[in-house]
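This report is meant for a reader who is meeting the structure for the first time. Please look at the sequence and the model below before reading on.

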Amino acid sequence: MAKSNMLTFVTVERRTPEKREAESRRVDFGEIYREFAAERAAEQAGRCSQCGVPYCQSHCPLHNNIPDWLRLVAEGRLREAYDVSQATNTFPEICGRICPQDRLCEGNCVIEKSGHGTVTIGAVEKYITDTAFAEGWVPRIVPVAEREESVGIIGAGPGGLAAADILRRAGVQVTVYDRYDRAGGLMTYGIPGFKLEKDVVMRRNRQLEEGGVTFRLHCEVGRDITFDEIREAHDAVIVATGVYKSRDLHDHENHDAHGVVRAIDFLTASNRKSFGDAVPEFESGELSAEGKRVVVIGGGDTAMDCVRTAIRQGATSVKCLYRRDRSNMPGSQREVANAEEEGVEFVWQTAPAGFEAGAGDAIAGGVALGPGAIAQEDEPVANVHRIISGVTVQRMRLGEPDTTGRQSPEVIEGGDYVEEADLVVKALGFEPEELPTLWSKPELEVTRWGTIKADFRTHETPLDGVYAIGDIVRGASLVVWAIRDGREAAEAILTRFDAAIAIPPSHIAAE
């Protein structure tokens, strides 16, 4: 058995997987980081200090046994490392790619705090499961015994799929309902391929389907099926819809001009093209950045996905407006650095004050009318839009801290200017849809933010047998938190089912 000494962080420097050169990666949607070689993975895993209090593990939402599988990798016991990794995480190869390790496990690594540079936890995690799939170590989902109970899961994102995995392995009959034509949620249609190649997600979808999970895709609750019909068909229901309602800038003039688009629409169209789908909005240029001056508004990870997607689509320039400075940006600093390498310009401490529309340019029914043209008499005024030509930008400065201690941005009077643009992408974050209204279920309790009320341990809502997980409870959050919620909700449902078997209804009635 090959072995590697641990505690080598004093002699071995931190190294990350090789990153493709910016010039080559900015023209395609392939992942930018190459796979670790076995020797390099073992070398980097051996840097782990095996500390008595592993802060990497405690700061991981899934509490993955990180030191354990790092040691196994360092010792060449890769198959055992996979078993340990998979025990706490349904999709470790996905988390290894898209988790913000710099804010979670790696950012809290003990040797990072001591100045030696963190262990490359995410890259090793990805390497373990990619190798397991390549070597055939990942078993099919085969329940020990089938159960009669069934669970309906609304939403095929990471939380819903994680719950489906746990429940199906226990023999429960699982049906997943989703509005899209492919499972995966934002992992499929929101996150670009340069961060998460789509075959990685599709591989997990196939595993679940081959394991007996039923997928009802292109099925929107409230339109194609009612919430009550789903409840009647199953013994328990999990709501895992995520949050898809985009925040907007309604108080800005021309905010709906042609060429001002939502991030979710822009990213979905791009990912559909990567699948080879026909996307009329992309082909028409409405949701394509090719040959355009692009401005992205926002500072989170979605904004980073948008600017880097625009670069790959062939934009002539890409600028990102963010109202605070670099150190206060909510998006991953690693993503900011990657974007800058690829040619994105960040315009710090700026915010949109309005949108400029080209003089005399208009569009009706998706067709440009041209300078000076007007709509036909039978064309509704609401369907006629001006064509975007720029963003009025306010210069900002950081003022006094707010109640959270974070400095609030303030407008610098007289500092406005116009940033020319042919395409503006609004990446301002997401909010929950009004599910009680959309589903005709007013008794589905929500918070003042519109998120569903659910127990933070069991994830059960006040509606009997209905559970809620992920972003629809937390607000826009991380994939890893959705996976944790899905696993916990599945375990709570199994406990509920087992309790019902242990105490038959006839016995309860007799008492």
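Helix α4 (residues 66-74) is mostly covered, since 7 of its 9 residues are buried, where buried means under 20% relative accessible area, exposed means over 50% and partly exposed lies in between, with a 1.4 Å probe and protein chains only. Helices (H or I, at least four residues) and strands (E, at least two) are DSSP runs, numbered from the N terminus. The buried residues of α4 are I66, P67, W69, L70, L72, V73 and A74, and among the elements that cover them are α2 (38-45), α3 (55-58), α5 (78-88) and α8 (121-135). Just after α4, G76 takes a positive phi of about 80°.

The model is predicted: local features need pLDDT of at least 70 and side-chain atom pairs count only at pLDDT 80 or more, while totals for chains, interfaces and linings use all residues. Residues are numbered from 1 along each chain as its sequence is written, and side-chain values use heavy atoms, with hydrogens and water left out.

Seen as a whole, the protein chain comes to 20 helices and 17 strands, and its C-alpha trace spans about 75 × 65 × 50 Å along the principal axes. For 511 residues a compact globule would have a radius of gyration near 24 Å, and the 25 Å of the protein chain agrees with this; the radius is taken over C-alpha atoms, and the globule rule is 2.2 Å times the number of residues to the power 0.38. Buried residues make up 53% of the 511 residues. Of the contacts (heavy atoms within 4.5 Å) with a separation of 6 or more, 71% are accounted for by residues 24 or more positions apart.

In soluble globular proteins, nonpolar side chains tend to be buried together. A nonpolar core is here a set of buried Ala, Val, Leu, Ile, Met, Phe, Trp, Tyr and Cys residues joined through side-chain atoms within 4.5 Å. In the largest one, which has 73 residues, L70, V151, I153, L167 and I238 touch the most other members. Helix α19 (residues 479-502) gives this core its largest share, 9 residues. A second, separate core of 29 residues includes F266, L287, V425 and A427. Turning back to I153, and not counting residues up to four places away in sequence, I153 touches G160, A163, A164, L167, V174, T175, V176, Y177 and I238.

| Residue | Relative accessibility | Class |
|---|---|---|
| I111 | 3% | buried |
| H459 | 4% | buried |
| D130 | 12% | buried |
| Q50 | 27% | partly exposed |

I111 is found in helix α7 (residues 110-113), and, leaving aside its neighbours within four places in sequence, I111 is in contact with F9, R47, S49, H116, G117, T118 and V119. D130, which is found in helix α8, touches E35, E93, R97 and R203, again not counting residues up to four places away in sequence.

The other two residues of the table lie in loops. Q50, in the loop between α2 and α3, has a positive phi of about 50° although it is not a glycine. H459, in the loop between α17 (435-438) and β17 (466-468), is likewise a residue other than glycine with a positive phi, near 70°.
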